[in-house]
Amino acid sequence: MSTSQLVLVLNCGSSSLKFAIIDPTDGTEHLSGLAECLHLSDARIKWKIEGNKEEEKLGANATHKDALNFMVNTILKGKEALLSQIKAIGHRVVHGGEKFTDSVIIDSDVIKGIEEAIPFAPLHNPAHLIGIDEALKAFPDLEEKNVAVFDTAFHQTMPEASYLYALPYSLYKKHGIRRYGAHGTSHDYVSKQAAKELNKKINELNVITCHLGNGGSVAAICNGQCVDTSMGLTPLEGLVMGTRCGDIDPAIIFYLYNSLGMSMDQINTLLTKESGLLGLTEKTSDCRYVEDNCATHDNAKRAMEVFCHRLAKYIASYTTLMEGRLDAVIFTGGIGENSAPIRKRTLDKLALLGFKIDDEKNIKACFGKSGDITKEGSRLAMVIPTNEELVIAQDTARLTGIAEETPCPVQ
């Protein structure tokens, strides 16, 4: 494929827009950036192009449209050659429900399907739809070259035993109430990278992948396919996250409503925006604060212990799904790649399963570096930096036909 066949990758959050221009054949990033604090007084955008890093304020209450226009008309101003090489646009979409089991070219039916899944990802899907709409306006010539890549698609191989809740079956049949998972592009990417590093065929790989960031999830991958994952109907279930509570007794909701007089909107805000590390520390959702202060501050110690306790429980339980062989536990995502203390505490809790952390390797495997972090003779644990943007770019190139052949991360 010619280097002129590039993909613009867009990842819209509720108050952010992550973007990149990528060559899907080799992963080269010609542009990468992040607009954040959108709709707030301090909205700003930072980017890296041709090795140069820059940052600008977007102005109070800047929108996704403003951020996209800034990218096209300011960052890429005078870069017409690069702009003209964008031949397709890939959009990260958190939730596709049961309708989408793979990436798809976006049309009116796809947009309708993303809208229908809004109740399952109320913080994410509306933002994705804004990004799609603005991209179609900014790049009208690429109207039929927009692709939706779903976080939920990778988990569609889960068996009923994993994805069904013990609720009346009619709720699943009529309303799609089941477990869907998220972070699928990340779990997919790092599992394929693990197969490459372990010199295994992907359909013979048994790993447990831990995507840990502001949102977090664990996936059990047996013979290359997802057989269980920690997130559920929505991205709220599972691990302790930055501001999300993860697993709780559902009767807590009844107590908050009936006994404490909280409204459903207040409860929703509590569970999604005021819990997790923020709720446990009563100070911040930033994991770096937890790491830096867990030895001296009770609130940080509390958050660290609950976070690692929940993570270790999930990893241990998923070993029962590995059909007798676990090739590795893999850490990825912003926390998974960079927090040596969390990896150590978690693996120390799993000593019964044969994990022995190598402190020197663990400390070195940070800030973009990959590798194993366990001692010789130990069950293997690894750090593999994720690259969701590359997965999105490759799926987009494949579906739009801008490349005759787009390689997977692992051959």
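Q: A polar contact is a pair of N or O atoms within 3.5 Å; within protein, one must be able to donate a hydrogen and the other to accept it, and residues adjacent in sequence count only if both atoms are side-chain atoms. What places Ile392 and Thr396 under this term?

A: The backbone oxygen of Ile392 lies 2.7 Å from a polar atom of the Thr396 side chain. The limit is 3.5 Å, so this pair is a polar contact.

Q: On what kind of model do these values rest?

A: The model is predicted: local features need pLDDT of at least 70, side-chain atom pairs count only at pLDDT 80 or more, and totals for chains, interfaces and linings use all residues. Residues are numbered from 1 along each chain as its sequence is written, and side-chain values use heavy atoms, with hydrogens and water left out.

Q: Why is Thr396 called buried?

A: Buried means under 20% relative accessible area, exposed means over 50%, and partly exposed lies in between (1.4 Å probe, protein chains only). Thr396 has 0% relative accessibility, so it counts as buried. Its place is in helix H16 (residues 388-400); helices (H or I, at least four residues) and strands (E, at least two) are DSSP runs numbered from the N terminus.

Q: Which residues beyond its sequence neighbours does Thr396 contact?

A: Contact means heavy atoms within 4.5 Å. With neighbours within four places in sequence left aside, Thr396 is in contact with Val7, Ala88, Ile89, Gly90, Lys145, Val147 and Val149.

Q: Why is the pair Phe120 and Tyr180 called stacked?

A: Rings of Phe, Tyr and Trp (its six-membered ring) pair if their centres lie within 6.5 Å; planes under 30 degrees apart count as stacked, over 60 as edge-to-face and the rest as tilted. The centres of Phe120 and Tyr180 are 5.7 Å apart and their planes stand at 25°, so the pair is stacked. Phe120 lies in the loop between helix H3 (108-116) and helix H4 (125-138), and Tyr180 in the loop between helix H6 (169-175) and helix H7 (184-197), so the pair ties together parts that are 60 residues apart in sequence. Both Phe120 and Tyr180 are buried.

Q: What makes the pair Tyr163 and Tyr172 tilted?

A: Their ring centres are 5.7 Å apart and their planes stand at 50°, so the pair is tilted. Tyr163 is buried at a relative accessible area of 10%, and Tyr172 is buried at 11%. Ring pairs link Tyr163, Tyr169 and Tyr172 into a cluster. The structure holds six aromatic pairs.

Q: How do you know that Arg178 lies over the face of Tyr163?

A: A charge sits over a ring if NZ of Lys or CZ of Arg is within 6 Å of the ring centre and within 35 degrees of the ring normal. Arg178 lies over the face of Tyr163, at 3.9 Å from the ring centre. Arg178 also lies over the face of Tyr180, at 4.7 Å from that ring centre.

Q: What makes the phi of Asn199 worth noting?

A: Most residues other than glycine have a negative phi. Asn199 is not a glycine, yet its phi is positive, at about 55°. Asn199 is found in the loop between H7 and strand E9 (207-212), and at a relative accessible area of 73% it is exposed.
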